[in-house]
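Trainee: Hi! Could you walk me through this one while I have it open?
Mentor: Happy to, let's take a look together.

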Amino acid sequence: MPFVLPGDPILATPFDPQVDALRIRADHPCGCGRGATWSTCCARTGQIRRPRAVQLPRRGSRIHYQNRGCYMRSEWSCAPKLSAEHAVSASVIRAATGATTMITITGHPWQKSETFEVPIDRLGSRILCKRHNERLSPLDAFVARTIEDTVVRIGTVVARGAEADGIVRLGFANGHDIERWMLKVLCGLICGEDKGTIANSPPPALWLRCILEEGPWPAGWGLYLETSNTKSVRSVYAMPLYAGARVCGLRMELLGLVFWLVLTDDLTDVFNAGMPREVSYQPIELRWWCNRSCASLLFGWRKPMSGSRHTVQVEPATT
Ligand SMILES: [Zn+2]
Ligand SMILES: [Zn+2]
């Protein structure tokens, strides 16, 4: 179903469980996954409890093999063969673009023209061995599922917008999982751009620990949401950010929103790389409104209530 997100998204009020509870059916199961209903769980406490982080398969038995073409080879448990998966997995591309076989892509370093139509299955960039691709794939599955759910919710709101039923359709996500996935995409992009990167300067060990949730993210690193205007919706676009020769983050367009992953202690680096000043750090909610119907995606963070809410007006469906 086509939909557009025009106009200026506005930064709205903080999470208000009193008001939100009225709009949500009391028997709606709370999306944090604790098993209780919305009204007796996160709405009652006023805090969005963080859904469990995506669990990755264990490292497996150490087989003392490093595949020279795999950026996770420091784990010493590579498979001999490389995976053909792209930096942005085919499942996420399908979910984000709605395409099944062919997509139009822009901004690849090897592209001569501005846009390019390619089969999704031909996007492979061979940056992880098969074992490490499998180890990280639950992150892609989680993001693909979250995008699909959100697109369906927005689609329902647009279709029913004229009926104005006012129901908030909620989705929950662990915000740190989005950050881990974006960092995985970034590793794939910088390694895919230049094969020498994996051999000579693979992603920093700190990044890999962050992806694997084996250590804390430095303060101030992570997800920032751009709160100004956005354009196309069913697209995915990702671009590494540089401070000189050093990678300091990732800019990503997804579902008409612009996300910035910051990987530097000095925000000046990412401002210089193009991040606007109007950003919201670790937002707690995204809302898509059409008349009085609303689709909502809530983010749980380690520090509850730290971010702000972001509202986007969606145009009603034209039939
Ligand atoms: Zn809950
Ligand atoms: Zn490997």
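Predicted model: local features only at pLDDT ≥ 70, side-chain atom pairs only at ≥ 80, totals over all residues.

Trainee: Okay, and what happens in the hairpin of β7 and β8?
Mentor: That hairpin has 2 residues between the strands, and leucine 255 takes a positive phi near 50 degrees there.

Trainee: Is β8 itself largely enclosed or open?
Mentor: Enclosed: 5 of the 6 residues of β8 (residues 257-262) are buried, so the rest of the structure largely encloses this strand.

Trainee: Which strand pairs with β8 over 4 bridges?
Mentor: That is β5, again in the antiparallel sense. Within that pairing, leucine 225 has phenylalanine 259 of β8 as its bridge partner.

Trainee: So what's the strand order of the whole sheet?
Mentor: The order is β6-β7-β8-β5-β9, an open sheet of 5 strands with antiparallel pairing. At the edges stand β6 (236-243) and β9 (279-281); each has a single partner strand, so one side of each has no neighbour in the sheet. From one strand to the next, the twist averages 25 degrees.

Trainee: Switching to packing. Which residues touch the most other members of the largest nonpolar core?
Mentor: They are Val157, Met182, Val185, Leu186, Phe259, Trp260 and Leu261, in a core of 79 residues. Helix α5 (residues 175-193) gives the largest share of this core, with 10 residues. As a general point, nonpolar side chains in soluble globular proteins tend to be buried together.

Trainee: What does leucine 186 touch?
Mentor: Leaving out residues up to four places away in sequence, leucine 186 touches Pro240, Leu250 and Leu261.

Trainee: Nice. Now helices: which residues of α7 are buried?
Mentor: Leu208, Cys210 and Ile211 are buried in α7 (residues 205-212). Looking down the axis of α7, these buried residues fall within an arc of 155 degrees, so they line one face of the helix.

Trainee: What comes just after α7?
Mentor: Glutamate 213, with a positive phi of about 60 degrees. Glutamate 213 sits in the loop between α7 and β5 (222-226). With 15 other C-beta atoms within 10 Å, glutamate 213 is partly exposed.

Trainee: Proline 216 is in that loop too, so is it buried or exposed?
Mentor: Exposed: proline 216 has 10 other C-beta atoms within 10 Å. Between proline 216 and leucine 206 the C-alpha to C-alpha distance is 9.2 Å, for 10 residues of separation in sequence.

Trainee: Where is tryptophan 76?
Mentor: Look in the loop between α2 (42-45) and α3 (90-97). Tryptophan 76 has a positive phi of about 55 degrees although it is not a glycine. Tryptophan 76 is exposed, with 12 other C-beta atoms within 10 Å.

Trainee: Zooming out, how many helices and strands are there?
Mentor: The chain has 8 helices and 12 strands. Of its 319 residues, 40% count as buried. Among contacts with a separation of 6 or more, 71% come from residues 24 or more positions apart.

Trainee: Last one: what's the mean pLDDT of the chain?
Mentor: The mean is 78, and 76% of the residues reach 70 or more. Over residues 1-22 the pLDDT is below 50, and that stretch has 45 contacts in the model beyond near neighbours in sequence.

Key. Residues numbered from 1 in each chain as written. Chains lettered and ligands numbered in written order. Buried ≥ 20, exposed ≤ 12 C-beta atoms within 10 Å, placed from the backbone. Arc of directions from axis to C-beta. Pairing = 2+ DSSP bridges. Axes fitted to C-alpha atoms, helices over the stretch in contact; angles between N-to-C directions. Contact = placed C-beta atoms within 7 Å. Core = buried A, V, L, I, M, F, W, Y, C linked by C-beta atoms within 7 Å. pLDDT = per-residue confidence, 0-100.
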